[in-house]
Each structure stands twice: as C-alpha cells, then as structure tokens.
Amino acid sequence: MSALMSRLVQSRSPLAGVYNVGASKNWRFLSTESNKVDEPFKVSTESSKVDEPFKVEEAETVNVPPPPSEKLLVLGGNGFVGSHVCKEALNRGVTVASLSRSGKSSINESWANNVIWHQGNLLSPDSLKDALGGVTAVISCVGGFGSNSYMYKINGTANMNAIRAAAEQGVKRFVYISAVDFGVVNYLLQGYYEGKRAAETELLTKFPYGGIILRPGFIHGTRRVGAIKLPLSVIGSPLEMVLQHAKPLTQVPLVGPLFTPPVSVTAVAKVAVRAATDPVFPPGILDVHAILRYSQQKSR
C-alpha cells in the first residue's frame, strides 16, 4: 500500500511542476500589471500635446465684393405708365434709371429728382449702351399709335432693339408692357398689335427664364396731357369692379374681348416692378386677371 501511494505521488509530480510553472508565470503577469497600476500615473508626450492650447493659423482674408444692388431701367419712364413704374420702384428702394426721347421728365414731383434720366431713341440701338450700364432689369413701357407702319416701329421694332441690347449686356430680367387682344379691334389697329406680338416673340426667345409680358386692357388712372389731368378712373374703376367678375363673358365669340376689365395704372406698375425685381417671379404672359391677382398680393 505504501508502495502504491509512493508511485501516485511520483506520477503527479510532473503535473504539479507544470502547475507551479504556470502559476508562477501568471503571477508574474499579474504582478507586472498590478505594479503598473501602483506606479504614479504618467502622461505620454503625445497625450500632453492635447493639454496644450489649440492653435489655429490665421486664414488668408478674401475680399468678397458685396452683391450688386438692383438697378432698374424703365423705357418710356416719363409717360403715363412709365412714370408710375418709376415711382413704384423708388418706393421699393430700387435704383431707377429711365430712357426716353425727351430725356428728363417734366413731372414736377419730388420722386422725379431721384431718377437717372437718359435721352435716347430705341430705333437707334447705340443710344442704349450708356443707359444699360449696371442694369439688372428692364421694364419697357414704350408704345404708341399712328399709321400702321409707325405703330409697328414703335411697338415692335423699338422694343425688339431694346430686348436684344439688354440680352447682350447680360440683363437678368425684362418686363414688357404689352396689350390684351381685343379681337375685332385688332384689325383696326393692325400695326399696333403686330408690333406688340413681334416684340413678345423676341422677348420670350431672348429671355426664356426672365421674360415677363403684361397684357392689360384699358389702363385707368390720372393721365396728364400737357397741363391737363384726365381722371380716367372715373370711368375705369367702376368698369373694373364689374367686369373682373364677368370673366366668362370674355369667351363670347367676336365681342368677348370687349368685356376685358380695365386695370389701374397703379396695379400695372406694382406687378411690373415685382416681376422685374423678384427672382422667383414666373416668366411668361400675364393676362388682365393675373395682373389683378398679383396686384392684390402683398409685396415681397
């Protein structure tokens, strides 16, 4: 029995040796880690960089010019519609210039002193160059009556020259005050309407994204004829109130367009200036009812 126990003890001794070695190694490992914990906390050189104040090198200064202010050129700014357009634009804080054959307006009102007046003839495109300097938008109120050939020149050729010159100068937006189609009346004023439509076509071609055409009918307001003031609103305002609610009548064959409601010159000016200065104003053609609708909206 004693011999058997002696053999068992001898057979276990190798395992005990392995255990002792493993334990010794583990102890050394544990002992090493525990010693690191017991040692004073040391921060490496790289970690100490984090504690240093964060330094930013001074960036190079870039001189960015401020965005250019809006400058509006009104063609025919001393006329009935054009003068109201100038006044409306000035009230919105826009720099306003005007070009017409007579140059400076004879209107004796304070706002006229704030307009940059140019004298020129749209039938001579070269006269537009100086007036278009720094201009971001154009509103044309140019039009007239007379013989068919004269009406085509004033309503068509003159405006087409202005549209082309503005496009060449990089003007962003162009608003054209045209006229509604009155049906049978077109035959009596053939040169007038042919000129208007030719100018419209040119505008939509040269300014597909910034061309706006207003087609009002009878425009009422106080119109100056020399020293005389004609109160056209006495007739136009009541008709506007009645006919703006009679839109279906405009669809009657032949005579339907005669039921187109009048619109005030103030409304036309308000919409024209907004169309010229609002970059999100949709391009295209606005009929009388659209002009009335936009004029009733608050200015942006």
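Accessible areas here come from the Shrake-Rupley method with a 1.4 Å probe, and for residues only the protein chains shown count as cover. On that basis the protein chain has an accessible surface of about 18,500 Å², and carbon and sulfur atoms hold 58% of it. The structure is a predicted model, in which local features need pLDDT of at least 70 and side-chain atom pairs count only at pLDDT 80 or more, while totals for chains, interfaces and linings use all residues. Residues are numbered from 1 along each chain as its sequence is written, and side-chain values use heavy atoms, with hydrogens and water left out.

The protein chain contains nine helices and 11 strands; these are DSSP runs, numbered from the N terminus, with helices (H or I) of at least four residues and strands (E) of at least two. Of its 300 residues, 40% are buried (under 20% relative accessible area with a 1.4 Å probe, protein chains only; exposed is over 50%, and partly exposed lies in between). Contact means heavy atoms within 4.5 Å. Among contacts between residues at least 6 apart in sequence, 66% join residues at least 24 apart.

Two packed helices are described by the angle between their axes and the distance between the axes. Axes are lines fitted to C-alpha atoms, for helices over the stretch in contact, and angles run from 0 to 180 degrees between N-to-C directions. Angles under 35 degrees count as roughly parallel, over 145 as roughly antiparallel, 65 to 115 as roughly perpendicular, and the rest as oblique.

Helix H4 (residues 148-168) and helix H6 (residues 190-206) cross at roughly 10 degrees, and their axes come within 6 Å. H4 is therefore roughly parallel to H6. Residues on the H4 side include Met-151, Tyr-152 and Ile-163, and those of H6 include Tyr-192, Ala-198 and Leu-203. The contact of H4 with H6 divides into nine nonpolar, seven polar and five charged residues (Ala, Val, Leu, Ile, Met, Phe, Trp, Tyr, Cys and Pro count as nonpolar, Asp, Glu, Lys and Arg as charged, and the others, Gly among them, as polar).

Helix H8 (residues 265-277) packs with helix H3 (residues 80-91) at an angle of about 55 degrees, the axes being 8 Å apart. This angle makes H3 oblique to H8. Among the residues in contact are Phe-80, Val-81 and His-84 of H3 and Val-265, Thr-266 and Val-273 of H8. By class, the contact of H3 with H8 has eight nonpolar, two polar and two charged residues. Helix H3 also holds Ser-83, which counts as buried because its relative accessibility is 9%. Beyond its neighbours within four places in sequence, Ser-83 is in contact with Gly-77, Ile-107 and Trp-111.

H8 also packs with helix H9 (residues 288-295), at about 80 degrees and with the axes 9 Å apart, so H8 and H9 are roughly perpendicular to each other. Here Ala-267, Val-268, Lys-270, Val-271 and Arg-274 of H8 meet Ile-291, Tyr-294 and Ser-295 of H9.

Leu-286 lies in strand S11 (residues 284-286) and is buried, with a relative accessible area of 6%. Not counting residues up to four places away in sequence, Leu-286 touches residues including Val-271, Ile-291 and Tyr-294, as well as Ile-212. The C-alpha atoms of Leu-286 and Ile-212 are separated by 7.6 Å, with the two residues 74 apart along the chain.
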